[in-house]
Amino acid sequence: MPQERDLEAVKRAKSRFPLLEPIARRWSPRAFRDDPVEPEKLGSLLEAARWAPSSFNEQPWRFLVAVRRDDPEAFEKLSSCLLEGNRSWAGRAPVLLLTVAKTYFGDDPTRKNRHAWHDVGLATAQMVLQAAALGLSTHLMAGFDRDRARELLAIPDGYEPVAVMAVGYRGDPETLPPDLRERETAPRARKPLEEIAFGGRFGAPLSLRPSVEVEEEG
Ligand SMILES: Cc1cc2nc3c(=O)[nH]c(=O)nc-3n(C[C@H](O)[C@H](O)[C@H](O)COP(=O)(O)O)c2cc1C
């Protein structure tokens, strides 16, 4: 396995322009240490989510938090909703968290909030970056059984399970089976800026003046 510092270097975001440190450093591991997450750090993650912007300030996000050591039963319930490929590693994280979207505005279920998922994603992004700033790792998962989660966790009508997130301190890749170990230590990949950012219309090249451009690392 690469040395600890080598792995952080391999995983670090390579960018043409400068990034905030937690953005550059964040990545999604599968190996977690057994150490618990301090309650105040978990509180900071949830505060970070709470202060996200949202359409009409609806704040359509809800979070179901299962801390393995405090409530093994709740943890097991949420863990049992994960698809096997995720449960094998995420079931060993100290915390699992389900993000849920409230799909309507205010008290009127007929007023659909088309941006509910967007805003849950935005709040989740804030949580993920707050975690990175606190030295914690996170890994989001779409691979879970929504119907089972809805039933086991008593999610009411008008609310939709969105994603499960594992939270904890990153562990040793050597603790993973060989296929996952390989992915754990592989460099991260992204589409180039030209493919995702356009000028005035879709597909038009965007010119970015390189006054603050930095050398691409690696
Ligand atoms: C909504 C969402 C769903 C994801 N679902 C899974 C999943 O079910 N299993 C998994 O191993 N990773 C999952 N991921 C993690 C992505 O594969 C990962 O973020 C992506 O490969 C980029 O890697 P990075 O986060 O290390 O930069 C998911 C990520 C997001 C945001």
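**Exercise 1.** Which residues are closest to the ligand, and how many surround the ligand?

*Solution.* Before we start: this is a predicted model, where local features need pLDDT of at least 70, side-chain atom pairs count only at pLDDT 80 or more, and totals for chains, interfaces and linings use all residues. Residues are numbered from 1 along each chain as its sequence is written, and side-chain values use heavy atoms, leaving out hydrogens and water.

Step 1: You get 13, and the closest are S28, R30, H139, A142 and R190.

Step 2: look for polar contacts (pairs of N or O atoms within 3.5 Å). R30 puts a polar side-chain atom 2.7 Å from a ligand oxygen, and R190 has one 2.8 Å from an oxygen atom of the ligand. With H139, a side-chain N or O atom sits 2.8 Å from a ligand nitrogen.

**Exercise 2.** Is T138 buried or exposed?

Step 1: check the relative accessible area, which is 3%, so T138 is buried (under 20%, with a 1.4 Å probe and protein chains only).

Step 2: list the contacts (heavy atoms within 4.5 Å). Skipping residues up to four places away in sequence, T138 touches W27, S28, P29, V128, A131, M165, A166 and V167.

Key: Buried < 20%, exposed > 50% of the residue type's maximum accessible area, 1.4 Å probe, protein only. Near = heavy atom within 4 Å. Polar contact = N/O pair within 3.5 Å; in protein donor to acceptor, adjacent residues only side chain to side chain.
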